[in-house]
Amino acid sequence: VEAEMVLLRDSEVAHLISLGGWLRAFQISTEAVADNYSSERSRNLGRGDIVDYYIASLETLEPELQKKPFIQDLREGLEAMKPVLDVPEGKAFTLDEVKDLRDKARLLSLIVQENLPKK
């Protein structure tokens, strides 16, 4: 995957593809935890550092691209997830928090899928 992204020679598209992949994986993880909830399983979801990374990568996009509504929606969605995910390592989430994160990830994943360039 990394080699294919390098071949794209477009770091902006590569960042968006990476963000889409992480969002999809996070969505699947939160769905799995929500479907079979335990506080122990929920402890692996708290990764505010990843959200910080993607927020920072969106800020490096070309200014015209940053003005696009879907980029603004992605940034706002990630910013909304940040306080929930920015917790001490190993903190358990409630079932309601997991469901909220799942819903946010679904929405953001859909935004990415709908706006990536088509071949």
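Biologist: At what angle do α2 and α7 pack?
Modeller: The model is predicted, with local features needing pLDDT of at least 70 and side-chain atom pairs pLDDT 80 or more, while totals for chains, interfaces and linings use all residues. Residues are numbered from 1 along each chain as its sequence is written, and side-chain values use heavy atoms, without hydrogens or water. Helices are DSSP runs of H or I with at least four residues, numbered from the N terminus. The axes of α2 and α7 (lines fitted to C-alpha atoms over the stretch in contact, with angles from 0 to 180 degrees between N-to-C directions) are 8 Å apart, and the packing angle is about 150°.

Biologist: How are α2 and α7 oriented to each other?
Modeller: The two helices pack at about 150°. Angles over 145 degrees count as roughly antiparallel. α2 and α7 are therefore roughly antiparallel.

Biologist: How do the residues of the contact of α2 with α7 divide?
Modeller: Contact means heavy atoms within 4.5 Å, and α2 contributes residues including Leu16, Leu23, Arg24, Phe26 and Glu31. From α7 come Leu95, Lys99, Arg102 and Val112, among them. Ala, Val, Leu, Ile, Met, Phe, Trp, Tyr, Cys and Pro count as nonpolar, Asp, Glu, Lys and Arg as charged, and the others, Gly among them, as polar. The contact divides into 11 nonpolar, five polar and five charged.

Biologist: How far apart are the axes of helix α2 and helix α4?
Modeller: Helix α2 covers residues 11-35 and helix α4 residues 48-59. They pack at about 150°, and are therefore roughly antiparallel to each other. Their axes are separated by 10 Å.

Biologist: How many charged residues has the contact of α2 with α4?
Modeller: On the α2 side are His15, Leu16, Ser18, Leu19 and Trp22. They meet Ile50, Val51, Tyr53, Tyr54, Ser57 and Leu58 in α4. By class there are eight nonpolar and three polar residues, and the number of charged ones is no residues.

Biologist: At roughly what angle do the axes of helix α6 and helix α7 cross?
Modeller: Helix α6 spans residues 69-85 and helix α7 residues 95-115. The pair is therefore roughly antiparallel. Their axes come within 10 Å, crossing at roughly 160°.

Biologist: How many nonpolar, polar and charged residues are in the contact of α6 with α7?
Modeller: Phe70, Asp73, Leu74, Gly77, Leu78, Ala80, Met81, Val84 and Leu85 belong to α6. Across from them, α7 supplies Asp100, Leu101, Lys104, Leu108, Ile111, Val112 and Asn115. The division is 11 nonpolar, two polar and three charged.

Technical notes. Angles under 35 degrees count as roughly parallel, over 145 as roughly antiparallel, 65 to 115 as roughly perpendicular and the rest as oblique.
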